[in-house]
Amino acid sequence: MSDTRRRVKVYTLNEDRQWDDRGTGHVSSTFVERLKGISLLVRAESDGSLLLESKISPNTAYQKQQDTLIVWSEAENYDLALSFQEKAGCDEIWEKICQVQGKDPALEITQDPIDESEEERFEEMPETSHLVELPPCELARLEEIADLVTSVLSSPIRREKLALALMSEGYMKKLLQLFQVCEDLENREGLHHLYEIVRGVLFLNKAALFEVMFSDDCIMDVVGCLEFDPSLVQPKKHREFLTKTAKFKEVIPITDSELRQKIHQTYRVQYIQDIILPTPSVFEENFLSTLTSFIFFNKVEIVSMLQEDEKFLTEVFAQLTDEATEDGKRRELVNFFKEFCAFSQTLQPQNRDAFFKTLANLGILPALEIVMGMDDLQVRAAATDIFSYLVEFSPSMVREFVMQEPQQTDDDVLLINVVIKQMICDSDPELGGAVQLMGLLRTLIDPENMLAPTNKTEKTEFLSFFYKYCMQVLTVPLLASTVDEKNCKDLQEGSTKINPVCPDNFQTAQLLALILELLTFCVEHHTYHIKTYIMNKDLLRRVLVLMNSKHTFLALCALRFMRRIIGQKDEYYNRYIVKGNLFEPVINTLLDNGTRYNLLNSAIIELFEFIKVEDIKSLIAHIIDNYYKALESIEYVQTFKGLKGRYEQEKDRQTLRLNRYRRDARTLDEDEDEEMWFNEDGEAIEKSRPEEEFPESFGKYMEAKKGAANGTNGANCKPATSPTSAASPNGSPAKSATPPATPVVKTAMVGLVDYPDDEDEEDEDEEQSPRKRPRLGS
């Protein structure tokens, strides 16, 4: 038993009736003690972990499809499938299942899926009624056959029996031969019956029948039968479309006949499901689940076969990037890759990973860089779709390629700049392509999907690259459409507005709105890089020019950009806004809007409300100091009065803090300017001198000090005379010889406040005194 023969993929059917890939491994059948029976085991080929452990139950209905699939249900709404790499391995496991259940391996299904009520009725039936007898395959019996097929659809057991009968003795092929006879005879009634028969057979939902009906020699007859819907006056011309209108183009000749047949079959079956068959009713919605699975596994097989053919893909890439390739040929090559990538979306994550890695190794990104810069609109549109598949799959792969591009080349030929240029130059009036490309750019510059754990430098390196080489390209339309206030004034007659937006047409406004949306995203996610760019380029000033646009949605985009900047609560931004007086265009727009209660009015009010609630002091002070006179008349909201209240509260807090610092000061400087004390009301009073408050005691004290200074004791000294009582020779009070002011004050302050032993502590306190801190408002 070889490994490849037992190599399988495990699938489960999800709630959306789509198959989810659970992994690839190798299957075996063995007795499991815990489950008390023979079980199917699948172990992952990567690490040997157990992907599947399923006991082969005697009552479970197993179904074999397309020679390499085994499908079954283990519980309600839990379907499983094993997809084998080789038919031989599928046959081996199928024989083991049939051996456990005691069934003939020649059968395509081992059990009849019967619910309880159906089983009760089935048991009550006589033995002969278990079989479905088909009328002879003749023109005269078509109505009877149609009635039989229609009648069994409501009964699961009868659907199974009818499917077995149709598969025996080539009955389906005989029916389709009758279609050719009826069409030749223009037998409209017979054709209507065949429509009912074929539609009913499709709703039997049996893969074995699909294998017959969708084979090369039968599928066009099936399509022909479905053209003759009895509810239509004239039949549809589906065969004409498939054979004449729909052309299969081989951009590079496909030498594998099996691959070519699989591509044709898949296209036609998809056409039957999407175009020919009517939308199923609620009752019929699960009848075509096997048809969906049939298409799904076909697509998986096509992608796998193409991916494994390295010679074919290498040739496609070579012609795609060859300058000598004709435009029409290149368009076909790009469209081929677009469909190839679309098919890959049916793959599960593990398979898609291998698929896109193959494309990356073959050089898909350099090829896209070339074709996205071409003039052909169809080629550019298809290349954009391919690029979107790659970005959605792996943004890191695209970023890695971008950063490896040669830096010495012109910035315009870098892949991201090619994308930005295509976004800017989108000719669609609705900018459908630009919207798609903007979303891709946003994905590429989103730090959330950058691989920090494995590559810590990816975010820093890529953002540095983007802001160095690409940001100036992105902002070209914005800078070109806004005119600097210093250099231009609106020349419209009677207008006093400055900073006009030109051109101010709808398409330009849409493009600028997209660019602003991307820049707003950058403000939120690229704190350092975008901040530096905004301040170096004075970008916010140019953005606020757009507040003058006649398109309100563009003015709102500009306002949202400023709101996001203020929302960062970054003082660097706040100082930039204050210094540039950047609230002026916003307030002018608010005043110009007048009393209209609209989205623009609400958005501006919300901006100021945010500043008030978050108590952003620097912005509040700037707004009140410069604009409150213009805003105080707005009373329908309390926002601006609230800002004024915040402003006054802050002023009061600063005053109190200043007073507290001065009251707590323990010493005064020796300068004359510091001879002032402040009371609680902030009023200055001059410090009174000791000789004025205590004249007698002060005179005696000074006489004693003089004696000590002259080296004499108290006995030899003359009696001290009070300076205030000494009279002049003319009998009037004489002015005292006032001692020097500085020693007096210093001596008095030492005696009243300080202690000689505390001089060292005083020096330390002086270094840490609050009076040494910068004062608020100074």
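This is a predicted model: local features need pLDDT of at least 70, side-chain atom pairs count only at pLDDT 80 or more; totals for chains, interfaces and linings use all residues.

Residues are numbered from 1 along each chain as its sequence is written, and side-chain values use heavy atoms, with hydrogens and water left out.

The structure holds 29 salt bridges (a side-chain nitrogen of Lys or Arg within 4 Å of a carboxyl oxygen of Asp or Glu).

**Stop one.** Select aspartate 91 and lysine 87. Their closest N and O atoms are 2.9 Å apart, in a salt bridge. Both residues sit in helix H1 (residues 87–101), four residues apart, about one turn of the helix. Helices here are DSSP runs of H or I, at least four residues, numbered from the N terminus. Aspartate 91 is buried at 18% relative accessible area, while lysine 87 is partly exposed at 41%. Buried means under 20% relative accessible area, exposed over 50%, and partly exposed in between (1.4 Å probe, protein chains only).

**Stop two.** Select aspartate 385 and lysine 338. This salt bridge has its closest N and O atoms 3.2 Å apart. The pair links distant parts of the chain, 47 residues apart: aspartate 385 is in helix H16 (residues 377–393), lysine 338 in helix H13 (residues 327–344). Lysine 338 is partly exposed, at 33% relative accessibility.

**Stop three.** Select aspartate 615 and lysine 617. They form a salt bridge, with closest N and O atoms 3.2 Å apart. Lysine 617 is partly exposed, at 41%.

**Last stop.** Select Arg5, Arg6 and Glu92. Salt bridges with shared partners join these residues into one network.

Technical notes. Helices (H or I, at least four residues) and strands (E, at least two) are DSSP runs, numbered from the N terminus.
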